[in-house]
Amino acid sequence: MKKRLEEAMTEASEAEEIIPLLKEAIAKFELVPADLFELTAGKTKVAQQKASQSGKGSGNGAPMYRDAEGNTWAGRGRRPAWVNEALALGKTLEDFRARGRHLRSAK
């Protein structure tokens, strides 16, 4: 019993040490929950609550940006690598605007 308690204490100590490291990595790489966790059952409870409170869904998910290779991005969340690479090469987001998609103006 004493050995199991010592093991549990060691694990708790390790968890306390890793949490700040995880927070630092999340902030550094601008990660969002979808980058870290698979959401196989649809929206999380928090996302469902937010959607019901705002009276809006998450939209139709249609891509707002598309490149010649078929990569797409809905314009939500972190920019995908293909967008960042193109921007670094001098392209603009307008260059990838999907036909028929218009940005809403900021409020």
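Author: Let me start with a definition: helices (H or I, at least four residues) and strands (E, at least two) are DSSP runs, and they are numbered from the N terminus. This is a predicted model, in which local features need pLDDT of at least 70 and side-chain atom pairs count only at pLDDT 80 or more, while totals for chains, interfaces and linings use all residues. Residues are numbered from 1 along each chain as its sequence is written, and side-chain values use heavy atoms, with hydrogens and water left out.

Reader: Okay, how many helices and strands are in the protein chain, and how do they run from the N terminus on?

Author: The protein chain holds four helices and two strands, and read from the N terminus the order is α-α-α-β-β-α.

Reader: What does α1 reach from its first C-alpha to its last?

Author: Helix α1 covers residues 2-28, and its 27 residues reach 40 Å from first C-alpha to last, close to the 39 Å expected at 1.5 Å a residue. That expected span is defined as 1.5 Å times one less than the number of residues in the helix.

Reader: And which residue just after α1 takes a positive phi?

Author: Just after α1, Glu 30 has a positive phi of about 50 degrees, and this is a residue other than glycine. Glu 30 lies in the loop between α1 and α2.

Reader: Is Glu 30 buried or exposed?

Author: Glu 30 is exposed, because its relative accessible area is 57%. For these words, buried means under 20% relative accessible area, exposed means over 50%, and partly exposed is in between (1.4 Å probe, protein chains only).

Reader: What share of the protein chain do buried residues make up?

Author: Of the 107 residues in the protein chain, 11% are buried. The accessible surface of the protein chain is about 9,500 Å², and 55% of that belongs to carbon and sulfur atoms. Such areas come from the Shrake-Rupley method with a 1.4 Å probe, and for residues only the protein chains shown count as cover.

Reader: Switching to the surface, which residues make the nonpolar patch?

Author: Ile 18, Ile 19, Leu 21, Leu 22, Ile 26, Leu 36 and Phe 37 make a nonpolar surface patch of about 660 Å². Patches are made of residues with over 30% relative accessible area and no salt bridge, where like charges are joined within 9 Å and nonpolar side chains (Val, Leu, Ile, Met, Phe, Trp, Tyr) within 5 Å. Helix α1 gives the largest share of the patch, five residues, whereas Leu 36 sits in helix α2, residues 33-36. Leu 36 counts as partly exposed because its relative accessibility is 44%.

Reader: You mentioned salt bridges; how many does a search of the whole structure find?

Author: The search of the whole structure finds one salt bridge, meaning a side-chain nitrogen of Lys or Arg within 4 Å of a carboxyl oxygen of Asp or Glu. The partners are Arg 97 and Glu 94, whose closest N and O atoms are 2.1 Å apart. Arg 97 counts as buried, at 19% relative accessibility, while Glu 94 counts as exposed, at 52%.

Reader: Where are Trp 82 and Phe 96 in the chain?

Author: Trp 82 is in helix α4 (residues 81-88) and Phe 96 is in the segment after α4, 14 residues apart, and the pair links distant parts of the chain. Trp 82 counts as buried at 14% relative accessibility, and Phe 96 counts as buried at 11%.

Reader: Last one: what is Leu 93 in contact with?

Author: Leaving aside neighbours within four places in sequence, Leu 93 is in contact with Tyr 65, Trp 73, Val 83 and Leu 87, where contact means heavy atoms within 4.5 Å. Leu 93 is in the segment after α4 and is partly exposed, with a relative accessible area of 27%.
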